[in-house]
Amino acid sequence: MQKTEYTKKILESIGIPSQPLFLLSLQEEFSKKVPDFHNIINIVEKDVSLSARLIRVANSPFFAGGRIETIEQALRMVGIDNFYSIILAAALKEAMSEKDLDKEFFEFFWSHTELMAAACAYIARRTRSAPEGYAYMTGLFHDCAVPLLIKRFDGYLKVFRLALRLNYPVVEIENDIYKTDHCIAGFVIATSWHLPKPVSYAIKYHHYPDIDIYESPEIRKLASTLILAETIVYAGSMQQNAGNFEIEPSWGRTLDSFLMNNPIDFDSRWAKIMSDLGIDEEDVFSIREKVFEIITR
Ligand SMILES: [Fe+2]
Ligand SMILES: [Fe+2]
């Protein structure tokens, strides 16, 4: 059986979290040439917890626009693009938190997820490698299968943590033991949530050592965005946790092996990623500084 099909069956055995109905209706509305503002408001207002979250975010210091009390005001304040990102994140968080996960792990997982979404969006905006919304979704969903695999397989979390600690490629271990991995499983979930095709495919091989696995330039750029974001976010988290964890000048090399134990020549791999994103090493360092700012905000 093909690995994707096999993975789908595994996930179905515990139930792939279904895409909330409101999201489906919103996707339909957004796919129209001219989305109807009032229809969007109606859809959101029907969901009480979504409405509350949207108003809370619109009132947060990030948007700082005074007192927001209605969905219409909130929508005008955050803008259509941010609005979609906010509801997608809310829907995913809700779907994932139903998985009875260890609280500490869920906090770690969710903070990694949010940082990755923000970092991917920033890199896409800065390098123009992909539509910002696509990059945000890619970051948001890239590890979304991890909570499900924890639920499906006893001991998965231990294996996952051990692999990270021992600097061993997570995906290889997953495949050895479970005959699938969180990247393929993430692809299955992203597809079932009808995310745009480039987003699902960028997730599918996000720990794969060679970016040449992607033929489509569009998907390849999105995947490069994700890989750069992941590398930098891990560097940032390490720096935060270990105080003076100094990784220059071989920061990428260290992290790359940390994440993927890359069997392919390091320099050609990063050369490909940088060329996909149209950036040089200096840009990478300046992007890293900006992403670190996001992390420590
Ligand atoms: Fe990740
Ligand atoms: Fe991952």
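Modeller: The axes of helix 7 and helix 8 approach within 7 Å and cross at roughly 155°; the axes are lines fitted to C-alpha atoms over the stretch in contact, with angles from 0 to 180 degrees between N-to-C directions. Helix 7 is therefore roughly antiparallel to helix 8 (an angle over 145 degrees). This is a predicted model, in which local features need pLDDT of at least 70 and side-chain atom pairs pLDDT 80 or more, while totals for chains, interfaces and linings use all residues. Residues are numbered from 1 along each chain as written, and chains are lettered from A and ligands numbered from 1 in the order written.

On the side of helix 7, the contact (C-beta atoms, placed from the backbone, within 7 Å) is made by Thr113, Met116, Ala117, Ala119, Cys120, Ala121, Ile123, Ala124 and Arg125. Helix 8 contributes Glu132, Ala135, Tyr136, Thr138, Gly139 and Leu140.

Between helix 7 (103–127) and helix 8 (132–141), the loop holds Arg128; helices here are DSSP runs (H or I) of at least four residues, numbered from the N terminus. Although Arg128 is not glycine, its phi is positive, near 55°. Arg128 is exposed because 12 other C-beta atoms lie within 10 Å (exposed means 12 or fewer, buried 20 or more, and partly exposed in between).

His194 likewise has a positive phi, near 60°, in a residue other than glycine. His194 sits in the loop between helix 12 (182–192) and helix 13 (197–204). With 14 other C-beta atoms within 10 Å, His194 is partly exposed.

Conventions. Helices (H or I, at least four residues) and strands (E, at least two) are DSSP runs, numbered from the N terminus. Angles under 35 degrees count as roughly parallel, over 145 as roughly antiparallel, 65 to 115 as roughly perpendicular and the rest as oblique. Two residues are in contact if their C-beta atoms, placed from the backbone, lie within 7 Å.
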